[in-house]
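Me: I would like to learn how to read helix packing and aromatic pairs in a model. Please take me through one.

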Amino acid sequence: MEHDPLWYKDAIIYELHVKAFFDGTGDGIGDFQGLIEKLDYLQDLGINCIWLLPFYQSPLKDDGYDISDYRTILPDYGTMKDFKRFVREAHKRDIRVLIELVINHTSDQHLWFQEARQSKKSKKRKFYVWTDEPANKNKAARIIFMDSESSNWAWDPVSKQYYWHRFFSHQPDLNYDNPIVRRTMLNVLTYWLNTGVDGFRLDAVPYLFEREGTNCENLPETHEYLKDLRRSLDKKYNHKVLLAEANQWPKDVCSYFGEGDECHMAFHFPLMPRIFMGLRKEDSTPIIEIMGQTPEIPENCQWAIFLRNHDELTLEMVTEDERDFMYSEYAQHPKAKLNLGIRHRLAPLINKGRRQLELLHSILFTMPGSPIIYYGDELGMGDNVYLGDRNGVRTPMQWTGDRNAGFSKADTAQLYAPLVVDPVYGYQAINVEAQKRTPTSLLNWMKKFISIRKKYKAFGRGSLKFVKTSNPKILCYLREYEDETLLIANNLSRYVQPAELDLRQFKNRLPMELVGGVCFPKIGDLPYFLTFSPHAFYWFQLMKVEEPGEIAAEAVEKAAQAVHVSTKISGTTGRRKKKRATQREIKTKANLSSRHKSG
Ligand code: GLC
């Protein structure tokens, strides 16, 4: 990735909070020292980019998204020296680092706000947005944290005016109409770029400006400012990335790419809930429809796609009926709902269903975009809805079945959050150590599929075309890039399913399944027939067969590599023997299939 300006198109991103990953100092809180110790684990998993949640000085009322000093690291997590060492160590392992740029708001503990509220004449007063009459101002702006806030204006008893905030009332919004604020935040960006980081997630980016009579989201002024940020990034630095957190409909999110001159990446928020809807409705339509509404994006841009993250599973980008459906299917626990979303981790959402977990990752790893894995989801970690706010999905990483899940040597009572201890998801049942030594574990499955994904550029860079099928329960699409043509077929149903695929344009191609390297019958004139077990999926490469009866050399090579991956995981010996046997098997199957008329 080192010299590739488009490295983020092939990224497999791992999202983590330094406090939750590994405690290297024994005080009950994860830190950079601990994270460095665990980089080998991440490298072994196969991810190539870390997205770090906020680690700056903060009163931690919103888990660090309430920053009180943009240039200081929270001492609990370590020092600047530790941070820089972490970035260097990650880079040594070919892992890029994205950090958070929380530019929309600060903490009310930030010195700027403290100064601003002391005197209306203070220079910092104009860093924030004030009014005497909140009742009629910016009325069309929605309230995001609707479970805790009743207005976007909060009364400041010190300066006796109201200030504007889109999130918690302890997070006053910065005033982007003030050129000094715009410049100051640009300097913050440069400050962190100089530490060697590879880019930023731009937190809450649609809300930078306010304009009367609008909903105060996605305003042209915001886009202008982002283009400024991008210009200064490109002027001085190479290969750095801006990732927009814009929880918006596809058309509006796309505006954050500009003409390829704004953000490099943006989360595809509307796709995520539709993957879950597709699964429970056993219907590919929601996914196909939302991708149909997603405009093409500039060549140098990329989607960031995800199943879960550190927040509630947000249901802002669905209709009311769809939201009701999602709540009834996925929020059975009375405490599961939060704001407009569901506060569960991935595994509990689907009752730990292994086939469903694999299917969801099949979709995540093969839809257009760079996939994001939320820490612990590679193990199927559970959550604790009783912890309040979103803390239930932010519990310590489960490394072993030992004391404190191997996360910390502190007294258990000292941990920053309680461990998950229930019999189903508790650390004795779910941990890295146990899964490493179980060949069939979810962790080993993830490792295998990440490694397969990394072999084909089409996953990160290819076009997307849905394939017509006779069965809407089958979500089937092509990913094409240069000479790679991949065919993905996912069974969203809990029952076995047949499907006929319209693959006429690929007549005479040989579908080679990417995990085992097994070739399926050649595509002929008739619809291509596949059967699926419950929640099963196939990843194929459609191989061109130059001469009838001959298997393409490339197929043998890739298949041999695939066998190598699975052999390594299961730890069996006799690799060479197995490789030769597979090559023989492929040849035989190819010969057979060249004679076989499919359909
Ligand atoms: C983003 C973060 C969320 C935070 C909010 C306010 O949405 O993902 O965790 O609470 O911004 O900063």
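Helix packing

Reply: The axes of helix α9 (residues 271–281) and helix α10 (residues 285–292) cross at roughly 160° and come within 7 Å. Axes are lines fitted to C-alpha atoms, for helices over the stretch in contact, with angles from 0 to 180 degrees between N-to-C directions. Helices (H or I, at least four residues) and strands (E, at least two) are DSSP runs, numbered from the N terminus.

Me: What kind of model is this, and how are residues numbered?

Reply: The model is predicted: local features need pLDDT of at least 70, side-chain atom pairs count only at pLDDT 80 or more, and totals for chains, interfaces and linings use all residues. Residues are numbered from 1 along each chain as its sequence is written, and side-chain values use heavy atoms, leaving out hydrogens and water.

Me: Which residues in α9 meet α10?

Reply: Two packed helices are described by the angle between their axes and the distance between the axes. Here Leu271, Arg274, Ile275, Met277 and Gly278 in α9 meet Pro286, Ile287, Ile290 and Met291 in α10 (contact means heavy atoms within 4.5 Å). The residues of this contact divide into seven nonpolar, one polar and one charged. Ala, Val, Leu, Ile, Met, Phe, Trp, Tyr, Cys and Pro count as nonpolar, Asp, Glu, Lys and Arg as charged, and the others, Gly among them, as polar.

Me: How many aromatic pairs does the structure hold?

Reply: A pair of aromatic rings is described by the distance of the centres and the angle of the planes. The structure holds 48 aromatic pairs. Rings of Phe, Tyr and Trp (its six-membered ring) pair if their centres lie within 6.5 Å; planes under 30 degrees apart count as stacked, over 60 as edge-to-face and the rest as tilted. Phe113 and Trp130 are stacked, 5.8 Å centre to centre with 10° between the planes. Phe113 is in helix α5 (residues 111–118) and Trp130 in strand β6 (residues 130–131), 17 residues apart.

Me: Is Phe113 buried or exposed?

Reply: Phe113 is buried, at a relative accessible area of 1% (buried means under 20% relative accessible area, exposed over 50%, partly exposed in between, with a 1.4 Å probe and protein chains only). Trp130 also counts as buried, at 13%. Phe276 and Tyr330 form an edge-to-face pair, 5.5 Å centre to centre with 85° between the planes.
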